[in-house]
Amino acid sequence: MADCISPACIINELEFLVDTGSEVNVIKIDVLRNGLTIDDTQKIYLKRISNNTIQTLGKITIPLIIQGQEISTEFNLVDRNFSIRKHGIIGNSFLTGNNSIIDLANKTLAIKINVDNRNIILKPRTETIVPIPIAAKDVENKDIFIHRQEIKEAVFCGSIVNTVQNSEVVISMLNITEEPQNIWEDELNKIQYDREFDYNFNQSGHMNDEQRQSIIEICEQFQDIFHLKRDILTHTNTMTHKINLQKNQPPIYRRLYRLHHSQMEEIDTQIKQMEKDDIIEPFFSPWNAPLLLVKKKLDASQEEKFRIVVDFRA
């Protein structure tokens, strides 16, 4: 389902089985934190596909944070050996009560959230897909362009082209801080967008109209994976890397290469930007390898661009 967490659970990210045939929500007791209040007087019997029944352990209401919005949800508790591979079941009562949309192709669940007079909660160091209000009636069912902008300190929205539907448009919001961030309705209403824009394909002269339209549709469908100019590059801590050194290995330190002044300016600019985007951080170490600039292949913009590389051969 949609990206889902809960402060009441010990699991970083919850995974639920979405069951439109279930009238109740179910969660395994072992994913909950200790010390929570459980109503063990509210036990019910659940009927399995095999027609066997199992008694629940009671009921509990916990907050689920989906798409950055906190939703208070009632669950029936079951033992950790309950025969599903997920952490629980999201039933029909939750789906209908929260205007849920099931995407079978991508195996996800989206929640249509009403942000009026409510706040959106962004998890630390994450990207969250959320709907924002668009008051202008003349852009209903039309595409708008939202350029990359800082919503509040260290919270950004990415550049995106999307269609306004039901006075809302879905955008990507990025929290690069180490703390959850609350985004309020008045902050969402300040997000700027352009009503008129053109798709510019600099290398589409060899295409006919049908081919060009096909490319536009593909770009619209997968717009969330394209890195646009002024977008913030992100990182992940899902995977970590460990370098094993030989015992008593002395540090290897190589001086920086002598580079042209213009190259040093480019390196300084890119490093400052990566620091600002929280991709790298200052660190003092007895180990060092020199940097180089490698010219990138010219793209459609024909602008000269460079990539910073570390020369570990030195």
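Leaving aside neighbours within four places in sequence, Ile171 is in contact (heavy atoms within 4.5 Å) with Thr128, Ile129, Val130, Ile132, Ile146, Cys157, Ile160 and Ile191. The model is predicted, so local features need pLDDT of at least 70 and side-chain atom pairs count only at pLDDT 80 or more, while totals for chains, interfaces and linings use all residues. Residues are numbered from 1 along each chain as its sequence is written, and side-chain values use heavy atoms, with hydrogens and water left out. The protein chain holds 4 helices and 20 strands, these being DSSP runs numbered from the N terminus, with H or I over at least four residues for helices and E over at least two for strands.

**Overall figures**

- Of the 314 residues of the protein chain, 33% count as buried, where buried means under 20% relative accessible area, exposed over 50%, and partly exposed in between, with a 1.4 Å probe and protein chains only.
- The accessible surface of the protein chain comes to about 21,500 Å², of which 49% belongs to carbon and sulfur atoms; such areas come from the Shrake-Rupley method with a 1.4 Å probe, and for residues only the protein chains shown count as cover.
- Among contacts in the protein chain with a separation of 6 or more, 60% are accounted for by residues 24 or more positions apart.

**Nonpolar cores**

- The largest nonpolar core has 20 residues, and those with the most contacts inside it are Ile132, Ile146, Val169, Ile171, Met173, Ile183 and Ile191; a core of this kind is a set of buried Ala, Val, Leu, Ile, Met, Phe, Trp, Tyr and Cys residues joined through side-chain atoms within 4.5 Å.
- Two or more residues of this core are given by each of strand 11 (120-122), strand 12 (126-133), strand 13 (143-146), strand 15 (155-157) and strand 17 (168-175), and the largest share, 3 residues, comes from strand 17.
- Apart from this core lies another, of 19 residues, among them Cys9, Val31, Ile71 and Phe94.

**Strand pairing**

- Strand 12 and strand 17 pair in the antiparallel sense over 8 bridges, where pairing requires that DSSP finds at least two bridges between two strands.
- In this pair, Glu127 stands opposite Leu174 in strand 17.
- Because 6 of the 8 residues of strand 12 are buried, this strand is largely enclosed by the rest of the structure.
- An open sheet of 6 strands has the order 1-6-7-3-8-2 with mixed pairing, and its edge strands, each pairing on one side only, are strand 1 (4-5) and strand 2 (16-18).
- Over 3 bridges, strand 2 pairs in the parallel sense with strand 8 (residues 88-90), and Leu17 stands opposite Ile89 in strand 8.

**Salt bridges**

- A search of the whole structure finds 8 salt bridges, each being a side-chain nitrogen of Lys or Arg within 4 Å of a carboxyl oxygen of Asp or Glu.
- Glu178 forms a salt bridge with Arg125, the closest N and O atoms being 2.6 Å apart; Glu178 lies in the loop between strand 17 and strand 18 (181-183) and Arg125 in the loop between strand 11 and strand 12, so the pair ties together parts that are 53 residues apart in sequence.
- Glu178 is exposed, with a relative accessible area of 52%, whereas Arg125, at 27% relative accessibility, counts as partly exposed.
- Asp278 also forms a salt bridge with Arg125, with the closest N and O atoms 2.6 Å apart, and this pair links distant parts of the chain, 153 residues apart, with Asp278 in the loop between helix 4 (261-276) and strand 19 (291-295).
- Through shared partners, salt bridges join Arg125, Glu178 and Asp278 into one network.
- The side chains of Lys295 and Glu304 meet in a salt bridge at 2.9 Å, N to O, and both Lys295 and Glu304 are exposed.

- Glu266, placed in helix 4, is partly exposed with a relative accessible area of 28%.
- Not counting residues up to four places away in sequence, Glu266 touches Leu293 and Phe306.
- Glu266 and Ile308 are 42 residues apart in sequence and 9.0 Å apart in space, C-alpha to C-alpha.
- Ile218, Phe222, Ile225 and Phe226 make a nonpolar surface patch of about 380 Å²; patches are made of residues with over 30% relative accessible area and no salt bridge, with like charges joined within 9 Å and nonpolar side chains (Val, Leu, Ile, Met, Phe, Trp, Tyr) within 5 Å.
- Phe222 is found in the loop between helix 3 (209-221) and helix 4, and at 37% relative accessibility Phe222 counts as partly exposed.
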